[in-house]
Amino acid sequence: MPEIPAPKESLLDFDDEASPEELDNRVQKAQEQLLVLKRQQDTIEKQKRELEELSRRQSEFEQGKLELVEKLTRSLVVLEREIFETQRRAEQLQGIETSFRSHLQILDSLNPKTWNKAEVQKELSRALSCVDDARSEYSKCRSKFDTSEADVAIGPEFGEESEAGHDFSYWLKSGFAFTLPLLVLGLIAIILMFIR
């Protein structure tokens, strides 16, 4: 910050015998000093504004940093937990997939046409045992994956109701949902015919 120069002599100390030229000279010097002081004041005010803005931005930085460090730390804990759960679930589903593939392979290999006629009883018992094992494994594991999506892909469970078991309101809503796009297109066509 520039220092304010002290006046070399008091501009107000003048004798009665000062000439008008001397007075004009002193007034000119006083105006110059005022101009210098005004510039210094403007510079100081500008520095003050810059320091206030710097302080505000530094405070904003500190507050934002603390807030985000806290949020990111909490989020990382949640993400780590989610990753762990997802990995655990993926491992569980892979185990189920392996088991289902194994049972499917076993069931596919069962072919009554290739059985020895003398050992049909024994082969049939073994085949039923394989079917029971597969059914038991399927029932045990079914709750571990999303049954709503699985039902669409797999179909109804043994002994479950098929679509025919739905009540009238289900079919009414379904019919309305299926025909709604056709109704809208028909309505648009009728409106277009009347506009022309």
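Start with everything shown and colour by burial: buried residues make up 11% of the 196 residues in the protein, where buried means under 20% relative accessible area, exposed over 50% and partly exposed in between (1.4 Å probe, protein chains only). Before you click further, note that this is a predicted model, where local features need pLDDT of at least 70 and side-chain atom pairs count only at pLDDT 80 or more, while totals for chains, interfaces and linings use all residues. Residues are numbered from 1 along each chain as its sequence is written, and side-chain values use heavy atoms, leaving out hydrogens and water.

Switch to cartoon. You'll see four helices and zero strands; these are DSSP runs (H or I, at least four residues, for helices; E, at least two, for strands), numbered from the N terminus.

Now select residues 20-109. That's α1, with 90 residues, reaching 127 Å from its first C-alpha to its last, close to the 134 Å expected at 1.5 Å a residue (the expected span is 1.5 Å times one less than the number of residues). Show the buried side chains here: Arg26, Gln40, Ile96, Ser99 and His103. They pack against α2 (120-142).

Among the buried residues of α2 are Ala127, Cys130, Ala134 and Cys141.

Keep both helices on screen. How do the axes of α1 and α2 cross? They come within 10 Å and cross at roughly 160°, with axes being lines fitted to C-alpha atoms, for helices over the stretch in contact, and angles running from 0 to 180 degrees between N-to-C directions. That makes α1 roughly antiparallel to α2, the label for angles over 145 degrees.

Contact here means heavy atoms within 4.5 Å.

Last stop: the structure holds one aromatic pair. The ring centres of Phe100 and Tyr138 are 5.8 Å apart with planes at 35°, so the pair is tilted. (Rings of Phe, Tyr and Trp, its six-membered ring, pair if their centres lie within 6.5 Å; planes under 30 degrees apart are stacked, over 60 edge-to-face, the rest tilted.) The pair links distant parts of the chain, with Phe100 in helix α1 and Tyr138 in helix α2, 38 residues apart. Phe100 counts as partly exposed at 24% relative accessibility, whereas Tyr138 is buried at 13%.

Key
Angles under 35 degrees count as roughly parallel, over 145 as roughly antiparallel, 65 to 115 as roughly perpendicular and the rest as oblique.
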